[in-house]
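The sequence and structure are shown first.

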Amino acid sequence: MHRFLLTPRWWGINVFVALAVPVCLFMGTWQLGRFEDRVDTHREATAERPAAEAAAPLESLLPVDKKTSGRLASASGEYAEQLLVPGRLLEGRSGFYVLTLLRTDSGKAVPVVRGWLPGAADAARAPAAPTGRVEVTGALQASEDSTTKGVHAEGGLPAGQLGVIGAASLINLVPYELYDAWLTVQTPADGLTPVPAQAPSNTGLDLKAFQNLGYTGEWFVFAAFVLFMWFRLYRREVETLRDAEAGLLPEEPAAAAPASATATASAEAGGTASAEAGGTASAAPGATVSARPAE
């Protein structure tokens, strides 16, 4: 009864199922792993770092990744240009960052957010950076881009203001090389409010994390649907074979002769009869009839 599984049609169905189910399970497992990674990074980001954690040299923590983001980094050098970063929220209030470039001993510069002030960006309100050689310690942050939440990426800012903190946006403003990172000082002076370190992008329990969880459910549902459809086709095939063996299927009626063929045969028969009758009738007028006299 199950020999139908070896037919070309069922070979195609079985191969499709054998490939589709593992692929769906693999993709669902992968999406679940992405969600678990985001949960882990969210826990790491929200966990408080030890207060006595020693700061590491800046270059030893580069490039910035999920593990080094938020770590305390130290750098030595002299402060240079100072810029304002407007439109930044802190505890629900709008204000601006005071950002000063630190030219390190390596020759490269790193942006340092020395603190936050409420209100509209005003260079007169921003305290000047210390002069001379300084040792700066701050939380390491990855460079921002146009997709980073809270940035001003439209441009059109006045001179001395910066919308996005990153090497890409500063490269045309300063004549020296830049690190692809920035620091936020956790113990600022001059009345500035410290800017807390932010979790790295694509981490935490955000919308993307729950999208990963939703995709996980979708892939597992696809796998279950493929198996369900295979079982449904299999059961229907078996029931059809059982009905055929039990004689429950209606017999197909004998195919009737096509009407056109019947009409053609009738026409041909009629034509033959007419021809024979016509031939006899035409021979009658010209025939010679002899009659014997009666004896």
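R114 is buried, with a relative accessible area of 6%; here buried means under 20%, exposed over 50%, and partly exposed in between (1.4 Å probe, protein chains only). The side chain of R114 meets that of D190 in a salt bridge at 3.6 Å, N to O, where the term denotes a side-chain nitrogen of Lys or Arg within 4 Å of a carboxyl oxygen of Asp or Glu. R114 belongs to strand β4 (residues 109-118) and D190 to the loop between β6 (181-184) and α3, so the pair ties together parts that are 76 residues apart in sequence. D190 is exposed, with a relative accessible area of 51%.

## Basis of the model

The model is predicted: local features need pLDDT of at least 70 and side-chain atom pairs count only at pLDDT 80 or more, while totals for chains, interfaces and linings use all residues. Residues are numbered from 1 along each chain as its sequence is written, and side-chain values use heavy atoms, with hydrogens and water left out.

## Further salt bridges

The whole structure holds four salt bridges. In one of them, E144 pairs with R88, the closest N and O atoms being 2.9 Å apart. E144 lies in the loop between β5 (133-142) and α2 (167-170) and R88 in strand β2 (residues 72-90), so this pair ties together parts that are 56 residues apart in sequence. E144 is buried at 13% relative accessibility, and R88 is buried at 5%.

Another joins the side chains of R9 and E237 (3.5 Å, N to O). R9 lies in helix α1 and E237 in helix α3 (residues 207-245), so the pair ties together parts that are 228 residues apart in sequence. R9 is partly exposed at 47% relative accessible area, and E237 is partly exposed at 24%.

## Overall architecture

The protein has four helices and six strands, defined as DSSP runs numbered from the N terminus (helices H or I, at least four residues; strands E, at least two). From the N terminus on, their order is α-β-β-β-β-β-α-β-α-α. Of the 295 residues, 29% count as buried. Among contacts (heavy atoms within 4.5 Å) between residues at least 6 apart in sequence, 66% join residues at least 24 apart.

## Surface

The protein exposes about 18900 Å², of which carbon and sulfur atoms supply 59%; accessible areas come from the Shrake-Rupley method with a 1.4 Å probe, and for residues only the protein chains shown count as cover. L6, which lies in the segment before α1 (8-46), is exposed at 61% relative accessible area.
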